[in-house]
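These are my notebook entries on one model, written with its sequence and coordinates open beside me. I went through the charged pairs, then the sheet, then the core.

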Amino acid sequence: MSDQSNQPFFNIQRVYLKDLSLEQPNSPAIFLEQDMPSVEVEVDVKAQGLAEGIFEVVVTGTITAKIAEKVAFLIEAKQAGIFDIRNIPADQLDPLVGIACPTIVFPYLRSNIADAITRAGFPPIHLAEINFQALYEQRVAQGSAQHEVPNGATH
């Protein structure tokens with residue numbers, strides 16, 4: 001039974017809202033506008049090693065809504081998760097951190113953004129599902145899908 005200590009291990013230690021910023025530079029006048037806002041959405045993923053086998057993955061969502069070129073609101077939220085990942089082959093670690101972890105964190109980000117927008121007085125915006133595998137593969141193609149480990153080396 002001693003080889004159980006070498007079994008692959010994946011555990012979510014914590015999911016938390018790391019940062020939330022909401023700006024309404026044209027309120028209250030913007031609430032009188034009748035046009036539908038144009039919405040721009042950006043999503044980014046970053047990961048870093050905190051300790052041996054412990055990783056923080058942060059999914060950042062930025063939404064800018066404009067009505068007639070005036071900003072109705074700008075929201076940026078950073079949803080993070082701490083993951084305990086051990087005994088995973090090196091070639092599987094990056095995809096796990098770059099695909100599976102953001103997929104777990106993203107629904108929390110969606111919920112927090114929709115809630116904040118509603119509390120700001122606007123109809124909620126529900127972010128569409130994201131294919132983190134496609135996003136990861138795009139980053140690999142660009143050479144930027146590596147995560148940082150505590151000693152400064154990258155995997």
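**Salt bridges.** I count a salt bridge where a side-chain nitrogen of Lys or Arg lies within 4 Å of a carboxyl oxygen of Asp or Glu. The model is a predicted one, and local features need pLDDT of at least 70 and side-chain atom pairs pLDDT 80 or more, while totals for chains, interfaces and linings use all residues. Residues are numbered from 1 along each chain as its sequence is written, and side-chain values use heavy atoms, with hydrogens and water left out.

I found that the structure holds 6 salt bridges. One of them joins Asp-44 to Lys-46, with 3.1 Å between the closest N and O atoms. I then looked up accessibility, taking buried as under 20% relative accessible area, exposed as over 50% and partly exposed as in between (1.4 Å probe, protein chains only). Asp-44 is partly exposed because its relative accessibility is 26%, whereas Lys-46, at 55%, counts as exposed.

Asp-44 also meets the side chain of Arg-139 in a salt bridge, at 2.4 Å from N to O. This pair links distant parts of the chain, since Arg-139 belongs to helix H2 and Asp-44 to strand S2, 95 residues apart; I use DSSP runs for helices (H or I, at least four residues) and strands (E, at least two), numbered from the N terminus. Is Arg-139 buried or exposed? At 18% relative accessibility, Arg-139 counts as buried.

Asp-115 is partly exposed at 35%, and Arg-119 is exposed at 68%.

**Sheet.** I next traced the strands, treating two as paired if DSSP finds at least two bridges between them. In what order do the 4 strands of the open sheet stand? The order is S1-S4-S3-S2, with antiparallel pairing. S1 and S2 stand at the edges with a single partner strand each, so one side of each has no neighbour in the sheet. Neighbouring strands are turned by 15 degrees against each other on average, direction ignored. For such angles, axes are lines fitted to C-alpha atoms, for helices over the stretch in contact, and the angles run from 0 to 180 degrees between N-to-C directions.

S1 and S4 run antiparallel and are joined by 13 bridges, and Phe-10 stands opposite Ile-85 in S4. H1 packs on the sheet, touching S1, S2, S3 and S4, and its direction makes about 140 degrees with that of S4; contact here means heavy atoms within 4.5 Å.

I also looked at Ile-12, which lies in strand S1 (residues 9–23) and is partly exposed, with a relative accessible area of 38%. Leaving out residues up to four places away in sequence, Ile-12 touches Ile-82, Phe-83 and Ile-104.

**Core.** A nonpolar core is a set of buried Ala, Val, Leu, Ile, Met, Phe, Trp, Tyr and Cys residues joined through side-chain atoms within 4.5 Å. The largest has 33 residues, and Ile-63, Phe-73, Ile-85, Ile-113 and Ile-117 have the most contacts inside it. H1 gives the most to this core, with 11 residues. Beyond its neighbours within four places in sequence, Ile-63 is in contact with residues including Val-39, Phe-73, Ile-113 and Leu-127.
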